[in-house]
Amino acid sequence: MRTAYTSDQIRAAEAALMATLPEGTLMERAATGLAVVCARMLGGVYGSRVVLLVGGGDNGGDTLYAGARLAARGAGVDAIIAGRRVHEAGLAALRRAGGRVTGLPGGEAATSATTPNGRPVAGSLPGAPGDGVTDDDAVVGGTVRDLIGAADLIVDGMLGIGGTGALREPYATLARLAGDAPGEVVAVDLPSGVDASSGQVEGAAVRADATVTFGAWKIGLLVDPGAGHAGRTELVDIGLGPHLPEPDAVALTDADVVALLPRPGASSDKYRRGVVGIAAGSEHYTGAAVLAVGGALRAGVGMVRYAGSAEPVAQVRAHWPEAVITTLAPGEGVEEVGRVQAWVLGPGLGTGDEARAIARSVLAEDVPVLVDADALTLVAQERSLLRRDAPVLITPHAGELSRLTGVPRELIEARSLENVRRAAAELEVTVLLKGSTTLVAREGRPVRINPTGSPWLATGGTGDVLAGVAGALLAAGLSGYDAASCAAYLHGIAGRRGPLAASDVAEALPETVRSLVNGLRQGRSPAKLDR
Ligand SMILES: NC(=O)C1=CN([C@@H]2O[C@H](COP(=O)(O)OP(=O)(O)OC[C@H]3O[C@@H](n4cnc5c(N)ncnc54)[C@H](OP(=O)(O)O)[C@@H]3O)[C@@H](O)[C@H]2O)[C@@H](O)CC1
Ligand SMILES: [K+]
């Protein structure tokens, strides 16, 4: 399990740890770990060109000390002093190791800085007019632009957990220049411009090829858009572990999912493995029924009982002879369908009277129900349907959650973690919120951040497959919280290799489960899922 924290939680843990250690120990540990990763990214350190983007806080301090180590090993290191302040001891260490220091036009920290040639730089950097000068030059100067453009490795040490809000200048311009440069970018602790506690990005932010984070995962490294800016991620242990609180957010790993996944044993039969009922599809939307049933079957359920109207019934029958089918007359509910351990309700169901009759009958059953798609619209119109004793798992995207909670869609997308947590508490259900990072929330539990998402999954019908998979796991006896997080995890891996259609995702599920389970059984390290 990967545990993730807010910046306040990290700061509190750091303070407790620091009280037990000589001053500077933690920064020393952080800088050492950072330098090791930088050296690995460079391949050969000697003769390489490294540019440090140095902010005014301790994030800049880490960066200067790591730069000193690289300079001592023969790298050409240029520190660009971007903050109003600079970590003086770190700066001195870099200078002692032979690193060079460049200030920015008008920067206070630049007054004592020198160019690579030893000339003072304060306020002197913009290129001469007519000399290919760009808007960026007006902010950071032509020399800085050229240094960044020529670097093998750019180390983003502008802001760490102390950053708040949109990047101010000159950081925003430096972030953009680093993104445009051909060299690799490594972010120190987290990419500057990413909110450590939420993953929010307001305005410009560094896009890193790799991020080296210290002590513990920051939530912003696991939740998009922040996660998308972090590149490959690496955690450097600085001894924070014993001082960390209960996490607010976690991400499952292969091993966690394998441990949770139900697997048949010698005494299993189809009933013990779980029978899932699927109430999906309508005269106009037959594909959703086919995909949801396919997702459940491919996830390894004991049996699927499908209930729907004549047209989707014909389609499901044609695609899945394995499903046991009940044709519902208009207005009829699922009372006569037979015993199931959980229901999937909603994909392609429609929102008319017939759909409402089906939804009411499913939610009246005394088993867990997954409420998806059209059924979310129905329960938004009739909230009392969610009041039931058996568990409810809802699987909305931001728009659907907005209809249920009244929180604007844009706000849900921008502050997904906070909103999914609140929705789970207010609606008293488990919520799987679909998005570029899928989140699973249940009151009193840490939010589970799905680490396996894939942009290829942004295609019609994949949500129907996901509902089928989660329904299968619910029927097998997993809680809504576990079923939702395992389903999202498997679905994300099954959707990795695009281009794909939703039915390809269902088709890839058995191999996905096999590879996860076998990867561990044969003692191999779990599949590398870090982005
Ligand atoms: N504590 C420890 O034990 C350890 C900490 N470690 C390291 O320290 C890092 C945290 O250091 P930190 O607290 O100095 O904050 P940090 O992120 O460097 O800078 C904050 C400053 O930036 C500014 N600023 C803020 N927002 C801004 C914006 N949008 N745009 C522009 N500027 C903005 C603002 O300055 P101001 O503008 O107020 O002058 C603020 O004061 C942490 O991430 C890790 O790398 C490691 O060494 C391990 C041990
Ligand atoms: K940073």
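In what order do the seven strands of the open sheet with parallel pairing stand? The order is β4-β3-β2-β5-β6-β7-β9. Helices (H or I, at least four residues) and strands (E, at least two) are DSSP runs, numbered from the N terminus, and two strands pair if DSSP finds at least two bridges between them. The structure is a predicted model, in which local features need pLDDT of at least 70 and side-chain atom pairs count only at pLDDT 80 or more, while totals for chains, interfaces and linings use all residues. Residues are numbered from 1 along each chain as its sequence is written, and chains are lettered from A and ligands numbered from 1 in the order in which they are written.

The edges of the seven-stranded sheet are β4 (100–102) and β9 (232–236); each has a single partner strand, so one side of each is left without a neighbour in the sheet. Neighbouring strands of this sheet are turned by 20° against each other on average, direction ignored. Such angles run from 0 to 180 degrees between N-to-C directions, with axes taken as lines fitted to C-alpha atoms, for helices over the stretch in contact. The pairing of β3 (residues 76–81) with β4 is parallel and comprises three bridges. Aspartate 78 has arginine 100 in β4 as its bridge partner.

An open sheet of 12 strands has mixed pairing and runs in the order β8-β1-β10-β19-β18-β17-β16-β15-β14-β11-β12-β13. Its edge strands, β8 (217–218) and β13 (324–327), each pair on one side only. Within this sheet, β14 (residues 342–345) and β15 (residues 369–371) are joined in the parallel sense by three bridges, and leucine 345 stands opposite valine 371 in β15. Helix α11 (residues 287–298) lies across β11 (275–279), β12 (303–308) and β14, at about 165° to β12.

In total, the protein chain has 20 helices and 19 strands. Its C-alpha atoms fill a box of roughly 85 × 50 × 40 Å along the principal axes. Of the 531 residues, 56% are buried, that is, have 20 or more other C-beta atoms within 10 Å of their own; residues with 12 or fewer are exposed and those in between partly exposed, with C-beta atoms placed from the backbone. Two residues are in contact if their C-beta atoms, placed from the backbone, lie within 7 Å. Among contacts between residues at least 6 apart in sequence, 69% join residues at least 24 apart.

Ligand 1 is surrounded by 28 residues, and the closest are Gly57, Asp58, Asn59, Gly160 and Gly162; a residue is near a molecule if its C-beta atom, placed from the backbone, lies within 6 Å of it. Elements giving two or more residues to this shell are α1 (7–18), α2 (25–42) and α3 (58–72). The most come from α3, with four residues. By class, the shell holds 12 nonpolar, 10 polar and six charged residues, where Ala, Val, Leu, Ile, Met, Phe, Trp, Tyr, Cys and Pro count as nonpolar, Asp, Glu, Lys and Arg as charged, and the others, Gly among them, as polar.

In helix α7 (residues 171–180), the buried residues are Tyr171, Thr173, Leu174, Ala175, Leu177 and Ala178. They pack against β2 (49–54), α5 (135–140), α6 (142–150), β5 (153–157) and β6 (184–188). The loop between β5 and α7 contains proline 170, and the peptide bond to this residue from glutamate 169 is cis, with omega near 10°. A cis bond also links aspartate 224 to proline 225, with omega near 5°; proline 225 is in the loop between β8 and α8 (226–230).

Most residues other than glycine have a negative phi. Aspartate 189, in the loop between β6 and β7 (210–214), has a positive phi of about 70° and is buried, with 30 other C-beta atoms within 10 Å. Glutamate 428 also has a positive phi, near 55°, and lies in the loop between α17 (416–427) and β17 (430–433). With 13 C-beta neighbours inside 10 Å, glutamate 428 counts as partly exposed.

The model scores ipTM 0.98 and pTM 0.89. The pLDDT, the predictor's confidence in each residue from 0 to 100, averages 92 over the protein chain, and 92% of the residues score at least 70. Over residues 108–130 the pLDDT is below 50, and this stretch has 48 contacts in the model beyond near neighbours in sequence. Residues 521–531 also stay under 50, with 16 contacts beyond four places in sequence. Where pLDDT is low, the predicted coordinates should not be read in detail.
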